[in-house]
Amino acid sequence: MVVTKPVFIVILICFLVSWIPRVLPFILLKNKTLPPRIARLLKYLPISILFALTPSSLFDEKVGQLPQLYGLEFLATVPTFLVAVKYKNLLLTVLVGVVCVALLRLLT
Amino acid sequence: MQERDFIAGLRAAVPTALGYISIGLAFGIVAAGAGLSTLEVFLMSFWVYGGTAQFAMVALMAAKADLSTIGLTVFLLNLRNMFLSLHAATILTLSGFWSNLGLGTLMTDETYGVLIGEHLHHKDIKASWMHGNNLLSYLAWVLSTTLGTAIGSGLPNPRGFGLDFALVAMFVGILSVQLSTMVGNGVKKIVLILASVGLSYLGLTLLISEALGILGATLVGCIVGVYLDGRD
C-alpha cells in the first residue's frame, strides 16, 4: 500500500481541474451559458477521447515507426464488444474480456 | 423536515449506487491491472470522483503521459459537468455557501439525471434532497473502486489472469454505451468521427508521443463532429 509521488501529483492536479468547473456555477449563481461553439465541441469529446484511448492499449507505438498491433488482445475485443452490446453491463464486460485474454494466452 | 428530504434523496440514489458499485469494481480491477495500489485508487476516487476522467487518468498514466497532458484531458472531460451544474443550480432551492459548494462538488451525470427525473414530479426540490442523492452515489463509488483494486491486486499473477486487458475491455464497454446513445445523431457521422480519430491517432504517434497523439486525435474528432453538425 504505497502512494508514489508522481501518482499523488496527478491526483492533486486532476482534482483541481475537475472540481473548479463543477462548483463554479453553484458559487457564482449566474445563469450564464457556455458559448454554443464550445458546447458543440464538448458534445463529441467523450466519444473521441474514449476512442483515442483504445489504440494506446492495443498497439505498441514508438515514434518514427508504424504502430504494431497486439494480435491476441485485438482478437479478444470482438467477444468483449458483443457482450457489451448485448448485456450493457460494464462489470460483466470487463470480466468476459479478461477471461478471453487469459484463455487465449493459455492456448497460444 | 430537512432530514426527511435527505433520506428521500438517499433512497432516490439507490439505482445509481448499484450501477456505481458494478462500474466501480470493474474500474478497481482495471486500475490494479495497470499497477496502481489500493490506497492510490482510494485517493483518486475520493478526490477526483469521475468515471471517464479516472479511466482516462489510468490509461494516460499507463501511456506515460506527462502531467500537463493528463491535466488538460481531465479538464476537458470535466467541462461537461459545468453544464450540469449550471442547469442544476437553477432547479434546486439553494441554501448557503457551504451547501452550494457541496452540491457542485458531488454532482455527477447520474445524480443530475435523477434530479431531472424528480423535477418532472416536484418543482420545489430542497438542497438536502440532492445532498442525499449525491452522498450515497459518492460512497458507493469510493468504496467499490477501492474494493475492486484490493481484489485485483490480490491476484498473484495479474498478467496470467489477463488482468492487463481489463483497461481495453472497460473501454469497449463504455464506448458501446456512448455509441448507442449517439447513434440517434446519424450512424454515418459517428463512423466519420471515429475514423478521423483513429487515423489521426495513428498518424500522430508516428510523429509525436503517444500521449500527445491521444490528445491531438481527440481534438480532431471533436472538430470533425462540429464541422459535420454545421453541414446538416
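**Notebook: pocket and A–B interface**

I began with the lining of the largest pocket and listed the elements that each supply at least two residues to it: α2 and α5 of chain A, together with α2 (14-33), α4 (51-62), α5 (67-91), α7 (109-121) and α9 (166-182) of chain B. I note here that the model is a predicted one.

I looked up which element gives the largest share of that lining, and it is α9(B), with 8 residues. In total, 38 residues line the pocket. Nearest its centre I found T52(B), D109(B), E110(B), I174(B) and Q178(B). By class, I recorded 16 nonpolar, 16 polar and 6 charged residues in the lining. The space in this pocket comes to about 980 Å³.

Next I turned to the interface. The contact draws 73 residues from chain A and 95 residues from chain B. Between them the two chains bury about 7600 Å², and 80% of this is on carbon and sulfur atoms.

I then looked for polar links across the interface. The rule finds 0 salt bridges between chain A and chain B. I did get 7 residue pairs in polar contact, both residues at pLDDT 80 or more.

Last, I went through the side of chain A that touches chain B. Elements giving it two or more residues include α1 (5-28), α3 (45-58) and β1 (59-62) of chain A. The largest share, 17 residues, comes from α1(A). I sorted the residues of this side into 49 nonpolar, 15 polar and 9 charged.

Key. Residues numbered from 1 in each chain as written. Chains lettered and ligands numbered in written order. Predicted model: local features only at pLDDT ≥ 70, side-chain atom pairs only at ≥ 80, totals over all residues. Heavy atoms only, no water. Contact = heavy atoms within 4.5 Å. Buried area = accessible area lost by both parts, 1.4 Å probe. Salt bridge = Lys/Arg side-chain N within 4 Å of Asp/Glu carboxyl O. Polar contact = N/O pair within 3.5 Å; in protein donor to acceptor, adjacent residues only side chain to side chain. Helix = DSSP H or I, 4+ residues; strand = E, 2+ residues; numbered from the N terminus. Nonpolar A, V, L, I, M, F, W, Y, C, P; charged D, E, K, R; others polar. 1 Å grid on protein atoms, 1.4 Å probe; cavity = no way out; pocket = protein on both sides within 12 Å on 5 of 7 lines; lining within 4 Å. Points joined across faces, edges and corners; volume = space filled by probe spheres on them.
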